[in-house]
Every structure is written in C-alpha cells, then in structure tokens.
Amino acid sequence: MVKLILASNSPRRKKIFSDLGLDFEVIPSNYEEKLETDVFSYDLIEDLATQKALDVVRRIGNNEIVIGADTVVILHNKILGKPKDKKDAFRMLSELSGNTHSVVTSICGINTKTNRAALLSTTSYVRFKTLSEEIINNYIEKFNPLDKAGSYGIQELPEGILDKYEGSFENIIGLAPESVTAVLEQLGYKI
C-alpha cells in the first residue's frame, strides 16, 4: 500500500485531509518560501507547491505519495503573503477592505514509486465589506492573523467583515477537497 504524506503542518490542511477520510502522515516541508516578486503568476505559486513536495520527497522512501501546497491572496495582481507583524496585518486588511480579491491554492502531488507528478491550482474569490480601523484592530487582537496569507482566516471572520465569496470555501481556508481528490486520482491513489 502506498503511504500518503502531507508536506504541511497546517492544522487547516490536516483537518481537510482527515475530513476526506485519508490515512496520512505529516512530514512538514522545510522549503523556505522566497518570493522574488510580489506580482502574481500561477507558475510562481505552482513552483512553490512543487518545491515543498520535492523537499519532503528527498527525505523519504520510494513508496509514498507526497502532497505539497501553497496558498496566496492576490489583490490587483499583487501577492499578499503572511504579514511580518501586526502593523503589516493592518495594512493588508485595510487594502482588502471594500475590495474583491482572489485566493489561489496550488497543490503538487508526487508519487515516488511511479515518479509521476500532478499539479492543480484552484481559484476562489472573496469580497470584504468596507472595514473601519476599529474592526480591523479588533480582528488582529482576537484572531492573531500573523500565520495566514492576506492576514485572515475566512473560517474565523467575525460578523461584519465578509461580504461574499465565490468558489470553494475550503480552498480559501487552504486546500479544496475536490482538488486533493483530483490530484490523488491522477497519481493512481484510490480514495
């Protein structure tokens, strides 16, 4: 039996794998994300997901499927990564206020037994209401958004921030179950 490995320590991604009923092991990627540019391209995000998966592949045996993923928030074709501090989180949330942005998650799966790879990107859209400084500051203090792309987690947004979203809600959280299933099927893994 091929072993399934999630190359992420994200509690959100682990929950999505568990909800799919997958038997998996977590081996976090040590790949250091270095974005040379903040201008969005699918190639850039897909490469990050691939590098995360490859980092784990280099450390394991040859009867596994490794899934690496990367999620970014994009506003006006500019990537909003994880904030450096609370001031940076405030800046990002202020930029998102009253605007529609994209959330893209790229997934790379590598089957070490067959040397096959599969890559898939999923895009969702989120619109925030116009946010006051007070709402932004309250969110930052209560929900500590420093480990989240774009400075927020959609699953924890309090009333008054989210206007609407389109596409996969789980993709906005960090991994669309249907995308995981599609990548695994391409690699010959039956769920």
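Strand 3 (residues 64-75) and strand 5 (residues 100-111) run antiparallel and are joined by 10 bridges. Strands here are DSSP E runs of at least two residues, helices are H or I runs of at least four, and both are numbered from the N terminus. Two strands count as paired if DSSP finds at least two bridges between them. The model is predicted: local features need pLDDT of at least 70, side-chain atom pairs count only at pLDDT 80 or more, and totals for chains, interfaces and linings use all residues. Residues are numbered from 1 along each chain as its sequence is written, and side-chain values use heavy atoms, without hydrogens and water.

Strand 5 also pairs with strand 6 (residues 116-128), again antiparallel, through 12 bridges.

| Residue | Bridge partner | Strand of the partner |
|---|---|---|
| Val72 | Val104 | strand 5 |
| Val103 | Ser124 | strand 6 |

Strands 5 and 6 form a hairpin with four residues between them. In its turn, Asn115 has a positive phi of about 60°. Buried means under 20% relative accessible area, exposed over 50%, and partly exposed in between, with a 1.4 Å probe and protein chains only.

**Cores**

A nonpolar core is a set of buried Ala, Val, Leu, Ile, Met, Phe, Trp, Tyr and Cys residues joined through side-chain atoms within 4.5 Å. The largest one holds 37 residues. Phe128 and Tyr152 touch the most other members. Strand 3 gives the largest share of this core, five residues. Apart from it lies another core of 11 residues, including Ala53, Val56, Cys108 and Ile110.

Which residues does Phe128 touch, not counting those up to four places away in sequence? Among them are Leu93, Leu96, His101, Tyr152, Leu157 and Ile161. Contact means heavy atoms within 4.5 Å.

**Helix 1**

Helix 1 (residues 11-19) buries Arg13, Ile16 and Phe17. They cover an arc of only 100° around the axis, which puts them on the same side of helix 1. That arc is taken from the directions from the helix axis to the C-beta atoms. The face turned away from the buried side carries exposed Pro11, Lys15 and Asp19. The buried residues pack against strand 1 (3-6), strand 2 (24-26), strand 3, helix 5 (169-173) and helix 6 (177-186). Gly21 follows helix 1, with a positive phi near 75°.

**Confidence**

pLDDT is the predictor's confidence in each residue, from 0 to 100. Its mean over the protein is 94, and 99% of residues reach 70 or more.
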